[in-house]
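Biologist: I would like to go through the terms used for this model, one by one. Please set each value against its cut-off.

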Amino acid sequence: MAMTDVLNAEDIKKAVGAFSAAESFNYKKFFEMVGLKKKSPEDVKKVFHILDKDRSGFIEEEELKFVLKGFTPEGRDLSDQETKALLAAGDKDGDGKIGADEFATLVAES
């Protein structure tokens, strides 16, 4: 499944482009711009599984660094600081990774 099966390609392009500058990533604005916030819980879960590249059932810190690339190959890598901030926002149980329910909460809170 491709990200464009769930989200509008034009929305993805605009959202990724808005955060192309280093240290500019804001997950709340990004999830809203990309249209994820308006999606059903099932669609949010589909996006989670696309971003979970190693199919572990979690999005680990290494995968978070490439979260924008998960939406489009043109996306940039997040900086270490941006990655850690995103992990801290999403990792509610403190296990160092983001599960599907934590991801859904992260999107809903944005």
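Biologist: Why does Asp11 count as partly exposed?

Modeller: Its relative accessibility is 29%. Buried means under 20% relative accessible area, exposed means over 50%, and partly exposed is what lies in between, with a 1.4 Å probe and protein chains only. The value of 29% falls in between, so Asp11 is partly exposed. A word on the basis: this is a predicted model, where local features need pLDDT of at least 70, side-chain atom pairs count only at pLDDT 80 or more, and totals for chains, interfaces and linings use all residues. Residues are numbered from 1 along each chain as its sequence is written, and side-chain values use heavy atoms, with hydrogens and water left out.

Biologist: Where is Asp11, and what is it in contact with beyond its neighbours within four places in sequence?

Modeller: Asp11 sits in helix 1. Helices (H or I, at least four residues) and strands (E, at least two) are DSSP runs, numbered from the N terminus. Beyond those neighbours, Asp11 is in contact with Met33 and Val34. Contact means heavy atoms within 4.5 Å.

Biologist: What puts the buried residues of helix 1 on the same side?

Modeller: Helix 1 covers residues 9–18, and Ile12, Ala15 and Val16 are buried there. They cover an arc of only 95° around the axis, so they lie on the same side of helix 1. The arc is that of the directions from the helix axis to the C-beta atoms. Helix 2 (27–33) and helix 5 are among what covers these buried residues. The face turned away carries the exposed residues Lys13 and Lys14.

Biologist: How do you know that Asn8 caps helix 1?

Modeller: A side-chain oxygen of Asn8 lies 2.7 Å from the backbone nitrogen of Glu10, at the N-terminal end of the helix. A polar contact is a pair of N or O atoms within 3.5 Å; within protein, one must be able to donate a hydrogen and the other to accept it, and residues adjacent in sequence count only if both atoms are side-chain atoms. The 2.7 Å distance is within 3.5 Å.

Biologist: Why is the pair Asp80 and Lys65 called a salt bridge?

Modeller: The N to O distance is 3.2 Å. Asp80 lies in helix 6 (residues 80–90) and Lys65 in the loop between helix 4 (61–64) and helix 5 (67–71), so the pair ties together parts that are 15 residues apart in sequence. The rule asks for a side-chain nitrogen of Lys or Arg within 4 Å of a carboxyl oxygen of Asp or Glu. At 3.2 Å the pair therefore qualifies. By this rule there are six salt bridges.

Biologist: What makes Arg76 and Glu82 buried?

Modeller: Arg76 has a relative accessible area of 16%. Glu82 has 6%. Both values are under 20%, so both residues are buried. The two form a salt bridge, with the closest N and O atoms 2.7 Å apart.

Biologist: Which parts does the salt bridge of Lys92 and Glu109 tie together?

Modeller: The N to O distance there is 3.3 Å. Lys92 lies in the loop between helix 6 and strand 2 (97–99), and Glu109 in helix 7 (residues 100–109), so the parts tied together are 17 residues apart in sequence. Lys92 is partly exposed at 48%, and Glu109 is partly exposed at 42%.

Biologist: How do you know that Asp52 belongs to a "binding site"?

Modeller: From the record: UniProt places that feature (unreviewed entry) at Asp52, Asp54, Ser56, Phe58 and Glu63. Its positions are given in the numbering used here, feature names are shortened, and annotations may be inferred rather than shown by experiment. In the model, Asp52 is in the loop between helix 3 (41–51) and strand 1 (58–60). At 2% relative accessible area, Asp52 is buried.

Biologist: What does Phe58 touch beyond residues up to four places away in sequence?

Modeller: Phe58 lies in strand 1. Its contacts include Asp52, Glu63, Asp95 and Lys97. UniProt also lists Asp95 and Lys97 under "binding site" (unreviewed entry), together with Asp91, Asp93 and Glu102.
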